[in-house]
Amino acid sequence: MLRFLSKRILEFVPVLFVICTITFFLIRLAPGGPFDAEKSVTPEVRRNLEAHYHMDAPLAQQYWDYLIRLSHGDLGPSFKKESRSVNEWIALRFPVSLELGAYAILVALGVGLAAGVFASLKPNTWRDHMPMTLAMAGICIPNFVLGPLLVLLFSLQLHWLPVSGWTGPADKILPAFTLGASYAAYIARLSRGGMLEILTKDFIRTARAKGLSERVVVLRHALRGGLQPVVAFLGPALAGLLSGSFVVETIFQVPGLGREFVQAAFNRDYTMIMGTVLFYAALILVFNLLVDLALAWLDPRIRHAH
Amino acid sequence: MNRHVRYLCAAVVATAMVCGCSGSGARQGASMVLRIGNGAEPQDLDPQITTGVPEHRIQSALFEGLATLDPKTLEPTPAAAERWEVSADGLVYRFVIRADAAWSNGEAVTAHDFAFSWQRILSPNLASEYAYMLHCIKNAKAFNEGRIQDFAEVGVRVIDDRTLEVTLEHPTPYLLSMQDHNAWYPVHRATIERFGPIDKRATKWTRPGNLVGNGPFVLDRWDPDEAIRVVKNSAYWGAADVRLDAIEFYPIQDLLTEERNFRSGQLDVTESVPLSKIEVYQRDEPEVLHIDPYLGSYYYRFNVTRPPFDDVRVRRAFAMAIDRESLVRNVLKGGQRPADCFTPPDTAGYTCSSAVPFDPGAARVLLAEAGYPEGRGLPTVELVYNTSENHKLIAEAVQQMWKVNLGVDVDLLNQDWKVYLDSMRNLDYGVARSGWIADYVDPNNFLECFLTGNGNNRTGYASEAYDALIAKANATIDPRERLAVFQEAEKLLLEDCPFAPLYFYTRIYLKSTAVHGWQPNMLGFIPFKQLRIATE
């Protein structure tokens with residue numbers, strides 16, 4: 001087990017290095033740079049700026065300097081949001097995205113699993129069709145439509161919740177629900193499918209033959225296998241949820257990492273792009289690893305293969 | 001952000017609006033706190049580093065220059081300086097700093113503070129993008145470009161603690177108007193030195209608790225991407241007259257989110273209004289919708305280095321075939337004024353008397369004379385604009401006008417902001433959407449853009465006669481004569497026509513009726529120290 005873990009973690013290094021290298025050169029190929037603005041600066045000022053940020057050195061030199069700094073964990077200054085370094089921005093922004101993502105997962109799992117399992121127990125009856133129709137609607141309605149609609153109802157009509165912001169607990173309800181809704185819908189469909197498949201398996205029939213109650217059959221025996229598709233889906237979904245959503249953060253004015261990432265690209269804020277890309281890459285690698293571990297725990301066949 | 005997303009959001013919200021709802025910006029309780037939408041998260045709060053309008057708005061509450069502007073007339077009025085004298089040749093200004101001018105930590109503001117601040121912004125290593133605003137000071141440009149090392153050679157001299165003498169390179173009638181720009185604000189030396197070398201960018205001196213300013217407000221909280229809160233500065237010389245207890249600046253970039261915040265009463269003043277909402281507010285709540293003239297020009301650049309726009313007749317034909325009245329009335333609908341010149345009317349007493357007329361008949365004749373009758377034989381023309389729903393609508397309207405009035409087919413090319421800037425800089429375009437918002441109120445701020453080699457020219461236009469006229473205007477001391485020379489210059493510019501004027505900007509925003517003391521003006525300058533909140 002330990003060998004498996006350390007091997008996987010060691011694999012992170014070359015992956016991150018490749019991502020780092022490709023991103024470093026690719027963003028510099030895009031037209032326009034961090035110092036291009038509506039009002040132009042004189043060539044002297046431009047030179048001064050480039051010198052200030054060591055961008056006057058040859059590209060290979062800059063790349064090498066970046067790697068050296070990176071190896072010390074320093075992601076450099078932000079060009080566009082200069083008041084803080086990239087490390088500080090990620091430290092400020094990621095916890096917000098993490099918090100929002102965590103609430104959204106709670107919404108997604110709570111609503112999605114309940115609906116999916118409920119639907120699978122009486123397939124092709126109204127108790128199946130109703131939640132599955134809702135789930136299909138949930139998948140189809142994008143969050144940039146759902147968000148403003150929720151605001152319209154709960155903030156502007158009923159005056160129950162704030163329009164936007166991220167200070168009190170009340171601020172967090174609408175963004176969490178908006179972000180979680182479509183994931184809930186996927187989870188509902190996946191868990192229904194997984195459960196339906198498992199419920200036809202021999203070991204379930206055995207369990208029933210032993211005279212176990214339906215509740216024990218479902219919760220103790222079927223759920224563990226039925227959830228496998230959901231867990232496999234959760235890996236990338238978790239990374240996506242926790243790393244922030246540009247759209248939801250924009251609609252609700254949530255100061256998360258998702259907006260930072262997209263704006264950095266528009267601004268050609270090279271260091272910020274590099275920082276967020278590397279951070280996301282690491283995040284996704286870690287989540288994929290966690291999912292593999294979880295799947296091994298859930299499925300004895302995978303566990304014994306190692 | 002993604003324009004499609006915005007567009008869809010607009011559609012959804014607009015539909016829901018029709019289904020019936022109309023709150024208002026009414027607020028509960030009458031605390032003296034102004035909550036204002038401020039567009040974007042500031043780059044920093046260091047007045048010598050930042051370049052944007054959102055930053056300037058916050059800095060104008062935290063710092064104060066030698067002079068400020070009368071919010072109504074935009075004439076310079078005393079601020080940190082109580083008075084000044086100007087020499088007869090317009091080259092030497094002597095400022096007397098008010099005795100009670102103080103930093104927020106209680107220390108007196110002195111002439112040394114200004115000398116230090118200007119030395120800092122001009123230091124080459126700081127690489128301040130707005131340092132060029134100080135280049136009118138004698139030797140300032142040379143110091144900024146590292147050609148002289150000793151700041152004593154620059155025309156800034158401290159006579160005593162309260163007297164500052166500034167010697168200029170050439171007469172600069174707008175010197176006093178510029179004092180409200182953040183590039184000229186004083187910064188507190190001891191504070192900056194505590195957090196790093198004076199010419200290092202982005203040190204921690206601008207954080208709450210560290211920042212020391214001399215404005216009517218002082219920084220209280222800075223939650224990045226959430227809000228910046230400033231509170232009344234009791235050390236400020238005019239503190240007795242400041243009515244607001246605090247101002248909260250919210251960096252809301254999404255116009256629809258901002259509008260919803262206003263509607264729910266979470267904001268008193270917005271930065272802008274979504275286009276789709278203007279008519280709704282005009283109909284339902286005209287008292288909160290404000291449309292002010294704004295000191296800016298929207299125009300289309302022609303690349304004069306490339307056929308067919310290397311021919312002045314083609315440029316004039318294209319410019320004269322745009323029906324600006326119709327564009328403003330039917331496409332923009334935001335109270336904009338159609339433009340037939342570059343400098344907006346009544347800029348520091350200057351209103352251009354020449355014009356590029358709308359005359360499709362004459363335009364067709366010009367195009368035929370240039371060898372393209374009815375547009376036949378004209379090389380493919382591409383109109384470049386940066387991503388925005390507005391720019392797209394305008395470009396489509398103009399494309400249609402050129403088709404109808406000239407018989408010319410023009411391709412539209414949408415580019416991402418930075419790609420667009422790159423095309424501008426490398427003159428890699430035919431026609432390009434452009435805008436210019438003034439930094440200070442003077443025709444020079446507009447007309448100098450088209451000087452040969454000016455970084456904001458970006459058309460390839462170069463005219464010795466034009467350069468000479470602008471230089472002559474800026475060497476003329478008599479204000480009336482000076483404006484007459486600018487008239488000559490702009491007339492020549494419009495004849496050479498390196499651009500097609502479209503309209504003069506307006507600033508469209510929502511403001512709660514509880515905000516009093518507001519004064520609309522062309523710079524969008526907000527006089528925070530005279531505002532108050534009252535619900536009656």
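This is a predicted model: local features need pLDDT of at least 70, side-chain atom pairs count only at pLDDT 80 or more; totals for chains, interfaces and linings use all residues.
## The six-stranded sheet

Let's start with the sheet in chain B. Six strands make up an open sheet with mixed pairing, and reading across, the order is β12-β16-β11-β15-β13-β14. At the edges sit β12 (337–338) and β14 (410–415) of chain B, each of which pairs on one side only.

Further in, β11 (residues 289–302) and β15 (residues 431–437) of chain B run antiparallel to each other, joined by seven bridges.

Now look at another strand pair in chain B. Strand β8 (residues 217–223) and strand β9 (residues 227–232) are antiparallel, with six bridges between them. One pair to find is L219(B) and its bridge partner V230(B) in β9(B).

The hairpin leaves three residues between the two strands, and D225(B) in this hairpin takes a positive phi near 65°. Keep D225(B) in mind, as the next section comes back to this residue.

## Where chain B meets chain A

How many residues does each chain bring to the contact? Chain B gives 59 and chain A gives 51. Together they bury about 4800 Å², with 54% of that on carbon and sulfur atoms. On the chain B side, the residues that lose the most area to chain A are D225(B), R260(B) and K418(B), together 15% of what that side buries.

Which elements of chain B give two or more residues to the side that touches chain A? They are α1 (3–18), α7 (255–263), α13 (417–425) and β15.

## Charges and polar contacts

By class, the chain B side of the contact holds 24 nonpolar, 14 polar and 21 charged residues. Six salt bridges cross the interface of the two chains. One to look at joins R93(A) to D225(B), with the closest N and O atoms 2.9 Å apart. D225(B), then, is both a hairpin residue with positive phi and a salt-bridge partner of chain A.

Between chain B and chain A, the count of residue pairs in polar contact is 25, with both residues at pLDDT 80 or more.

Terms used. Residues are numbered from 1 along each chain as its sequence is written. Chains are lettered from A and ligands numbered from 1 in the order in which they are written. Side-chain values use heavy atoms; hydrogens and water are left out. Two strands pair if DSSP finds at least two bridges between them. Helices (H or I, at least four residues) and strands (E, at least two) are DSSP runs, numbered from the N terminus. Contact means heavy atoms within 4.5 Å. Buried area is the accessible area (1.4 Å probe) that two parts lose on being put together, summed over both. A salt bridge is a side-chain nitrogen of Lys or Arg within 4 Å of a carboxyl oxygen of Asp or Glu. A polar contact is a pair of N or O atoms within 3.5 Å; within protein, one must be able to donate a hydrogen and the other to accept it, and residues adjacent in sequence count only if both atoms are side-chain atoms. Ala, Val, Leu, Ile, Met, Phe, Trp, Tyr, Cys and Pro count as nonpolar, Asp, Glu, Lys and Arg as charged, and the others, Gly among them, as polar.
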